[in-house]
Amino acid sequence: MIKQWLQRNLKGDAVLWGIVLMFSLISMAVVYSATGTLAYKQKDGNTEYFLFKHSSLIFIGLAFMWLAHKIDYRYYSRLSLVALILAVPLLLYTFFFGSNINEASRWITIPVINQTFQPSDLAKLALISYLASMLSKKQNNLDDWKRNLLPIFAWTGFICALIALTNTSTAVLLFLTSLLLMFIGRVPMKSLAVFVIAGAMLGGVGLAAGQRLGTAISRVEAFFDESETAFQLEQSYIAIATGGVVGKGPGNSDQRDILPHPYSDFIYAIILEEYGLLGGVLVLFLYLALLYRGLVTVTKSNGAFGGLLAAGLSFSLVLQGMINMGVAVGLGPITGLPLPLLSMGGTSLIFTGISIGIILSVSRTVKGEESFSSTPKVPANA
């Protein structure tokens with residue numbers, strides 16, 4: 001009975017569904033531990049407050065993932081440009097009037113529900129979808145700089161520059177993902193070199209005009225300064241060192257009361273402290289498995305658009321995860337990037353769910369489990 005229900009309602013790559021489920025369970029356990037003391041202090045002893053809130057957001061993210069995977073992925077080709085245009089005023093509004101949290105205006109507070117929304121998550125998803133759509137349509141004319149490549153480069157540089165006004169790390173991540181997607185989409189190397197130079201200039205302008213230039217410079221300098229270790233990294237190192245091979249056990253973290261943002265930016269350090277090297281390797285393996293299943297979907301995709309879309313979204317999620325984990329163990333400058341599928345956060349969980357839902361939608365077509373009832377009229381190569 002349960003197996004039949006799952007087969008009817010959860011389509012696409014079954015392994016990918018299992019990976020997401022494992023991430024969700026790990027996330028609830030680690031966030032509960034990392035926020036226990038914070039909840040006790042802020043919520044009058046209600047140590048389960050953030051557990052219930054985070055679990056609710058996980059289920060909402062899973063619901064969005066389910067809805068996204070039920071939609072024919074080819075519809076996202078139509079929606080990408082609309083979402084991209086919508087993201088522009090939202091990013092500008094965030095810069096000028098957004099809620100200031102941790103010295104950056106990255107959020108818009110939604111009235112009534114009083115929940116924060118991060119427009120950069122929408123912009124990231126929209127740009128990746130747009131690039132996949134445009135590259136799939138222009139596969140035979142990618143040497144035409146003015147008509148085909150210029151719009152792609154212009155939108156990418158413009159969106160990354162707008163994000164850089166308030167969020168340097170997300171802008172860099174999106175730029176690298178876009179560059180990788182263009183490479184996979186067979187954009188000529190000479191054109192990519194021009195794109196890198198122009199993108200670096202636009203990003204520099206966005207960074208200089210924005211709120212994070214001083215912070216970005218200080219973090220890069222701190223990373224290369226061997227004489228002193230940043231406070232966050234020092235506490236992260238302590239958590240990792242005391243975790244050992246098997247860890248202190250669930251709920252036994254000591255550094256969660258000292259380490260800044262142990263439930264988001266440095267949640268991987270808490271995983272290593274409580275679950276040890278084995279837990280850290282398991283999380284790393286799950287991200288690599290996520291990337292592998294995404295690439296399997298790419299290689300079996302029937303059209304250029306589906307393959308490029310699955311590749312872009314898979315690389316974006318896994319690259320962000322690798323950067324977050326790298327920061328926690330001292331392999332890169334400190335960033336504000338959450339760990340996808342694990343860190344506490346509303347917008348991130350929802351848009352991550354949508355991204356994986358789209359990959360699952362592509363894999364549904366690959367597996368031939370169900371033909372979508374109404375096929376949208378899109379170019380044959382999409």
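Trainee: How many nonpolar, polar and charged residues does the lining of the largest pocket have?

Mentor: The lining has 18 nonpolar, 23 polar and nine charged residues. Nonpolar means Ala, Val, Leu, Ile, Met, Phe, Trp, Tyr, Cys and Pro; charged means Asp, Glu, Lys and Arg; the others, Gly among them, are polar. This is a predicted model, where local features need pLDDT of at least 70 and side-chain atom pairs pLDDT 80 or more, while totals for chains, interfaces and linings use all residues. Numbering runs from 1 along each chain as its sequence is written, and side-chain values use heavy atoms, without hydrogens or water.

Trainee: What volume does the largest pocket have, and which residues are closest to its centre?

Mentor: The volume is about 1,300 Å³, the space filled by probe spheres set on grid points joined across faces, edges and corners. Of its 50 lining residues, Trp107, Gln118, Ser264, Met344 and Gly345 are closest to the centre. On a 1 Å grid over the protein atoms alone, a pocket is an open set of points where a 1.4 Å probe fits, with protein on both sides within 12 Å along at least five of seven lines; lining residues have an atom within 4 Å of a point.

Trainee: Which element gives the largest share of that lining?

Mentor: Helix α14 does, with six residues. Helices are DSSP runs of H or I, at least four residues, numbered from the N terminus.

Trainee: From which domains does the lining draw at least three residues each?

Mentor: Domain 1 (1–70 + 240–365) and domain 2 (73–228). These bounds come from an automatic or database assignment. The domain centres, over C-alpha atoms, are 22 Å apart.

Trainee: Why is His261 called partly exposed?

Mentor: Buried is under 20% relative accessible area, exposed is over 50%, and partly exposed is in between, with a 1.4 Å probe and protein chains only. His261 has 28%, so it is partly exposed. His261 lies in the loop between α11 and α12, and its phi is positive, about 50°, although it is not a glycine.

Trainee: Is Leu341 buried or exposed, and how do you know?

Mentor: Buried, because its relative accessibility is 11%. Leu341 sits in the loop between α13 and α14. Its phi is also positive, about 75°.

How values were computed:
Helices (H or I, at least four residues) and strands (E, at least two) are DSSP runs, numbered from the N terminus.
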